[in-house]
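Open the model in your viewer and keep the selection tool ready.

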Amino acid sequence: MTNMIRKAERKQGRLRINISAPSGGGKTYSSLLLAKGMVGEWEKICVIDTEAGSAELYSHLGAYNVIPLEAPYTPERYIEAIAEAEQAGMEAIIIDSATHEWDGAGGCLEIVESLGGRYQDWGKVTPRHRKLIDKMLSSSAHIITCTRRKQDYDMERSSEGKITVKKLGLKEVQREGWEYEFTIAFDLDIKHLTRASKDRTGQFADKPEFIIDESTGKAIVDWSNSGAEDPREELIKEIRNQLATLGKEEEWLLKQTLKPLRAFQAEGLHGILNQLAGLIEKSKPMPEADTTSPIPVVEPDVYGITKKEEGGAV
């Protein structure tokens, strides 16, 4: 067994940020300014818009891009939209709103209900929701998600048997634990004032409320870029190039490896590169007149990619 212990070192990487607010709190506008500060150019920003075109109300800000997304709001349609934005070279992708994937028409809650609404039906829906999270975590772009917040209530029964309704405060409309996956979670109020309910950068936690602008995004990306370069980024880029050569999507590779690319260490990524190189070599047509060409040498099938491509069990 190889020695796996090493010194901890924060590395550069793509950021995952959630902006949560009640209706009218400024989620869309704030996310656009945040993204502009992060990537510097409007043309590198894409909004996946489930809010009936609300993202286009701010087109006076700059020439950003939109992908209108209508019902059904299945996890798979969100994944397809993210992939389209990545293929177009977007550096910041705003999902406005991620709430629809959970509580919208055709979203996870409706899918479970259509299956019968039983507890065991979540066994079919949770993996689909998880694939969306994996897609966001492995994306080549910065990801900013917008989620709605609404008033939450509870029913209380007094000792006399009287039932009263108690307000519990605002609750995010997404699956419980959604914020665990993010670098920063910003909560906006109706006056557009912001506080960080989660902050791995240490720049906003326990600080006074503020209004998000471009300088907020620049400060966050500067923090990220101050980390050490991650050698895996070049390997991941090369893997994506090889997938394009094969005419495969990254979702195809995820089915083979069962985890996103950024979940692998460099050694594992090298193994995947070798497997894909073998598939590319085998896909090349052999010259008809040349029957003496050597058989391509393929690396040991560590991840089962070659086997599965040939029709083996996934």
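**Stop 1: a buried pair**

Select Asp187 first: Asp187 is buried, at 11% relative accessible area (buried is under 20%, exposed over 50%, partly exposed in between, with a 1.4 Å probe and protein chains only). This is a predicted model, in which local features need pLDDT of at least 70 and side-chain atom pairs pLDDT 80 or more, while totals for chains, interfaces and linings use all residues. Residues are numbered from 1 along each chain as its sequence is written, and side-chain values use heavy atoms, leaving out hydrogens and water.

Arg149 and Asp187 form a salt bridge, with the closest N and O atoms 3.8 Å apart (a salt bridge is a side-chain nitrogen of Lys or Arg within 4 Å of a carboxyl oxygen of Asp or Glu). Look at where the two ends sit: Arg149 is in strand β5 (residues 142-157) and Asp187 in strand β7 (residues 184-188), 38 residues apart. Helices (H or I, at least four residues) and strands (E, at least two) are DSSP runs, numbered from the N terminus. Is Arg149 buried or exposed? Arg149 is buried, because its relative accessible area is 18%.

**Stop 2: other salt bridges**

How many salt bridges does the structure hold? The structure holds 14. Side chains of opposite charge can pair when their charged atoms come close.

Select Lys44 and Glu41. Their side chains meet at 3.4 Å, N to O. Lys44 is partly exposed at 23%, and Glu41 is partly exposed at 38%.

Move to Lys284 and Glu281. This salt bridge spans 3.5 Å, N to O. Lys284 is partly exposed, with 47% relative accessible area. Glu281 also counts as partly exposed, at 37%.

**Stop 3: Ser97**

Select Ser97, in the loop between β4 (92-96) and α3 (99-103). Ser97 has a relative accessible area of 0%, so it is buried. What does its side chain reach at 3.2 Å? It reaches the backbone oxygen of Cys146.

Show the neighbours of Ser97. Leaving out residues up to four places away in sequence, Ser97 touches Ile48, Thr50, Glu51, Tyr78, Cys146, Thr147 and Arg148 (contact means heavy atoms within 4.5 Å).

**Stop 4: the largest pocket**

A pocket is an open set of points on a 1 Å grid over the protein atoms alone, where a 1.4 Å probe fits, with protein on both sides within 12 Å along at least five of seven lines; lining residues have an atom within 4 Å of a point. Volume is the space filled by probe spheres set on the points.

Colour α1 (27-39), α2 (75-87), α6 (214-225), α7 (232-246) and α8 (250-257), the elements that give two or more residues to this lining. Which gives the most? α7 does, with seven residues.

**Stop 5: the second largest pocket**

The second largest pocket has a volume of about 720 Å³. Select Lys11, Gln12, Gly13, Asp230 and Arg232, the closest to its centre among 23 lining residues. Here α6 and α7 are the elements that give two or more residues.

Key
Polar contact = N/O pair within 3.5 Å; in protein donor to acceptor, adjacent residues only side chain to side chain.
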